[in-house]
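Reader: I would like a close look at the charged side chains of this model and how they pair. Please set them in the context of the rest of the chain.

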Amino acid sequence: MEVASYFVLFSAIYVNIGRVKQLLTPFILPIALLLIFCFWNIIQIVPLPLSLLSVFSPTAFSYYEMVNADFGTISIDVAQSKIMLYKTISYLCFFISAVMLCNTMQRIRTVMLVVTFVGVFQAMYGASEVLLNIDNSLIFQLPIKAWATGTFVYKNHYANYLLLCLSMGLGYLVYSLLITQSSKSSKQKLRSFLNTLLNGKALVRIALAIMVIALVMSRSRMGNSAFFAAVTIVGLLSLVLIKQRTKGLTILIVSMFIIDMFILSAWFGLDKVKTRLEETSFTQETRDEVVRDSVPLLKDVALTGAGMGTFYTAYPKYTGEDVDIFYDHAHNDYLQFAIEAGIPATIVLFLLPLLAAYKCVRTLRDRQTPTAKGFAFGALVAIIGMSVHISVDFPLQAPANAALFIVILALAFKVSDRKFR
């Protein structure tokens, strides 16, 4: 039976290999970047003679030399690096699946809507737990504090997930505004208004407001800052790049600030987020000490890294006396990836969102398809928001956030393809 199953599987792959090649050819570069990073993850866990290891990774060599081993790996914690390798391969599969399965503009719009309403569920669930004064969360039975966490344990991961969902909601709303034609007569205006209520735009706008409320209630300083900064940058950029824009698009960008930030957010605790930002100081926070202590660690493993998933193993050796909290993450994904993968591999990986952002800008400027422009708008918000947030936290270490971000990047490349209509 197993032989027959494998025969059927490989026969199906062989028969469809031409179709697979056709679908994946436009995305060779981003797939190659992910494959290179996966390959480096494998290299990190391959046993090497200590004489060779001492050349490539003196830090790892020192660990294995202490136990008189004959062979050692670049990774100082092979078990954790294997877990991270499986995750990386999974993200690669997410990327490939997204570009192959989302092969129509209708499917792209469906993805935007599904992600938006998943975000609404997270927002309503997280906000309800706080507003109803529930003692323990329904999912993990953890104590409910003064901030929303949804189905996440860590509020900043929750805020980052909402940021990604908000970006897709914005993308769908931009798409719907781009296909709206200006009405001249009163009858046409009334018809347009009723159509807006029936075709889902009003629901999506309400969904965005609900998610903004939950984002504010998360009390995440950088989550809120990253989102509103990203919307500001992309909003202003789109006013320059999108040539045939409607008045509704301009009104949407303005309303995101007037309605969401100053009215809704004020009711649900924006002042508390502002207070947290104002009260943040280097004397209260120890994250800056973690960055300070991690710089010598980075210098020691800059070329090859200490191994994916090994930050919490490598960092204690470099911890300063003024840090009395255990840190399993660097609270800076740029730094953590550089420490674990090495600077060259980290550059390869972060070329992926950089290239996707470039594709989004070109899509906003050059493509005329409303769905493509709408998704590019949302994806650019997600990329800029994520790039800001990971500078002070580790949202990419959460599989839900990383998987969703990978799908957004994949579809950003997809909609930039001029042959895709």
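How many salt bridges does the structure hold, and which residues meet Asp366 in them?

Author: This is a predicted model: local features need pLDDT of at least 70 and side-chain atom pairs count only at pLDDT 80 or more, while totals for chains, interfaces and linings use all residues. Residues are numbered from 1 along each chain as its sequence is written, and side-chain values use heavy atoms, with hydrogens and water left out.

The structure holds 4 salt bridges, a salt bridge being a side-chain nitrogen of Lys or Arg within 4 Å of a carboxyl oxygen of Asp or Glu. Asp366 pairs with Arg365 at 2.9 Å, N to O. Asp366 also meets Arg362, at 3.8 Å. Both Asp366 and Arg362 belong to helix 16 (residues 343-366), where they sit 4 residues apart, about one turn of the helix. Helices (H or I, at least four residues) and strands (E, at least two) are DSSP runs, numbered from the N terminus.

Arg418 forms a salt bridge with Asp366 as well, the closest N and O atoms being 3.7 Å apart. This pair links distant parts of the chain, 52 residues apart: Asp366 is in helix 16, and Arg418 is in the segment after helix 18 (399-416). Through shared partners, salt bridges join Arg362, Arg365, Asp366 and Arg418 into one network.

Next, accessibility. Buried means under 20% relative accessible area, exposed over 50%, and partly exposed in between (1.4 Å probe, protein chains only). Asp366 counts as partly exposed because its relative accessibility is 23%. Arg362 is partly exposed at 34%, Arg365 is partly exposed at 40%, and Arg418 is partly exposed at 48%.

Now the wider chain. The secondary structure comes to 18 helices and 2 strands, and buried residues make up 51% of the 421 residues. Among contacts with a separation of 6 or more, 77% come from residues 24 or more positions apart, where contact means heavy atoms within 4.5 Å.

Part of the surface is nonpolar. Leu138, Ile139, Phe140, Leu142 and Val153 make a nonpolar surface patch of about 470 Å². Patches are made of residues with over 30% relative accessible area and no salt bridge; like charges are joined within 9 Å, and nonpolar side chains (Val, Leu, Ile, Met, Phe, Trp, Tyr) within 5 Å. Ile139 lies in the loop between helix 6 (105-131) and helix 7 (155-178), and is partly exposed at 46% relative accessibility.

Helix 4 (residues 58-66) has Thr59, Ala60 and Tyr64 as its buried residues. Seen down the axis, these buried residues fall within an arc of 130°, so they line one face of helix 4; the arc is that of the directions from the helix axis to the C-beta atoms. Glu65 is also in helix 4 and is partly exposed at 45% relative accessibility.

As for cysteines, a search of the whole structure finds 0 disulfides, a disulfide being a pair of cysteine sulfur atoms within 2.5 Å. The sulfur of Cys38 is 8.4 Å from the closest cysteine sulfur, in Cys93, which is too far for a bond. Cys38 is buried at 6% relative accessible area, while Cys93 is partly exposed at 43%.

Definitions and conventions. Accessible areas come from the Shrake-Rupley method with a 1.4 Å probe; for residues, only the protein chains shown count as cover.
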